[in-house]
Amino acid sequence: MRLILMRSLLTHPCGGSSIINVRSTTTTSAQYVASRSRDPVFEKLMDKYKNLLKVIAIQDLVLANPTADDPPSLSIDFLSRLSQKLHLNRGAASFLRKYPHIFHVLYDPVKAQPFCRLTDVAIEISRQEALAITATLPLVVDRLVRLLSMSISKSIPLRAVFKVWRELGLPDDFEDSVIAKNPHLFRLSDGHEPNTHILELVQEEEKVLKFEAAVENWRVVECSKEDCSVDRTEIQFSFKHSYPPGMRLSKNFKAKVKEWQRLPYVGPYEDMVGKKKNRSGVMGIEKRAVAFAHEFLSLTVEKMVEVEKISHFRKCFGIDLNIRDLFLDHPGMFYMSTKGKRHTLFLREAYERGRLIDPNPVYEARRKLLDLVLLGRHAALSDSGNTTSMSEQE
């Protein structure tokens, strides 16, 4: 995976309190994104993540560098050529020196040029993440099966899976360790275009896979609560909604949300073949699209993904809507940040105060790298080599 990343890089060196409304026909998509109500908690989180994503990109390049070095290293000159692509505004060397707990910058007198390596602590965190992924391989396989099960054709272009391999917690070598080792579940076939492959779900007639979506599990839990104040007949088609303090909602918007919540819909794992056409019209189509997006985010390790990446699955899931508008129209479920020159989508219900409510081992390992990023040049390492959790302190 990291080798593929390196090849691709070498080849292609208002906040606030405005009343929520759906996008009007005269508003462009860019204007609609700019006019969204900001959530300070998620914006603060993305302030931390935008540099973490740059660190991860460089880390992957270092680990992917096919040299005989141990530990592996990468020339600063190579990174400098990628500065614009990696959004290193002040250059590669300046960026690396901001994070001495992650990168060593050294000069090789033989090659007469500077190089960078990962520190022992950064390598250990990378190892912990890899071990966490290996330990949860059954969950990884389940996520991939579920992703394919949501597809109308039960197949997905392999290049789309490559886009979200990290988000799904797949190992670097998932083609071998996950796909090839589970031939009873997965099959690779040639696509219609040259040099493209399609990942297919192997389905046996007598073994039809049945899945419950994350929202359906939430409904069961809500209805089972002794102090449940929600009408159980209303919650059967509902999604969890929550809004940040200060976000004012118009009466018209609240009424539309209530009406939308009551709409029946076909879940993300249900097959549309042989079913009657949705009688709910555009709103019903939109609700099914929201169900796909909600389940997709629920399958990710950190309950977040770039909008550009999820867009690659629109055709597979049968979503024929403007996907950015879809997320912005449902601010009680999704939050979209534009920090770091990317549109990042969060599943709102999965977070509290900038952290996952239900963390997992892979997420915890990645948070340790975030802690190193937040340390910057500060020397705040404990004797055991673990970082002081600044992400928790802030």
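1. His-87 counts as partly exposed because its relative accessibility is 26%; buried means under 20% relative accessible area, exposed over 50%, and partly exposed in between, with a 1.4 Å probe and protein chains only. His-87 is not a glycine, yet has a positive phi of about 60°. His-87 is found in the loop between helix H4 (76-81) and helix H5 (92-97). Helices (H or I, at least four residues) and strands (E, at least two) are DSSP runs, numbered from the N terminus.

2. This is a predicted model, in which local features need pLDDT of at least 70 and side-chain atom pairs count only at pLDDT 80 or more, while totals for chains, interfaces and linings use all residues. Residues are numbered from 1 along each chain as its sequence is written, and side-chain values use heavy atoms, with hydrogens and water left out.

3. Lys-303 also has a positive phi, of about 55°, although it is not a glycine. Lys-303 lies in the loop between H13 and strand E7 (304-306). Lys-303 is buried, its relative accessible area being 18%.

4. The structure holds 14 aromatic pairs. Rings of Phe, Tyr and Trp (its six-membered ring) pair if their centres lie within 6.5 Å; planes under 30 degrees apart count as stacked, over 60 as edge-to-face and the rest as tilted. One of the pairs is Phe-292 with Phe-317, stacked at 5.1 Å centre to centre with 5° between the planes. Phe-292 lies in helix H13 (residues 281-299) and Phe-317 in helix H15 (residues 314-317), so this pair ties together parts 25 residues apart in sequence. Both Phe-292 and Phe-317 are buried.

5. The ring planes of Phe-346 and Tyr-351 stand at 85°, with centres 5.6 Å apart, so this pair is edge-to-face. Phe-346 is buried at a relative accessible area of 0%, and Tyr-351 counts as buried at 9%. Phe-346 and Tyr-351 form one aromatic cluster with Phe-42 and Tyr-335.

6. Two charged ends sit over rings (NZ of Lys or CZ of Arg within 6 Å of the ring centre and within 35 degrees of the ring normal). That of Lys-287 is 4.9 Å from the ring centre of Trp-260, and that of Arg-219 is 5.4 Å from the ring centre of Phe-239.

7. Arg-219 is among the buried residues of helix H10 (residues 214-224), along with Val-215, Glu-216, Trp-218 and Glu-222.
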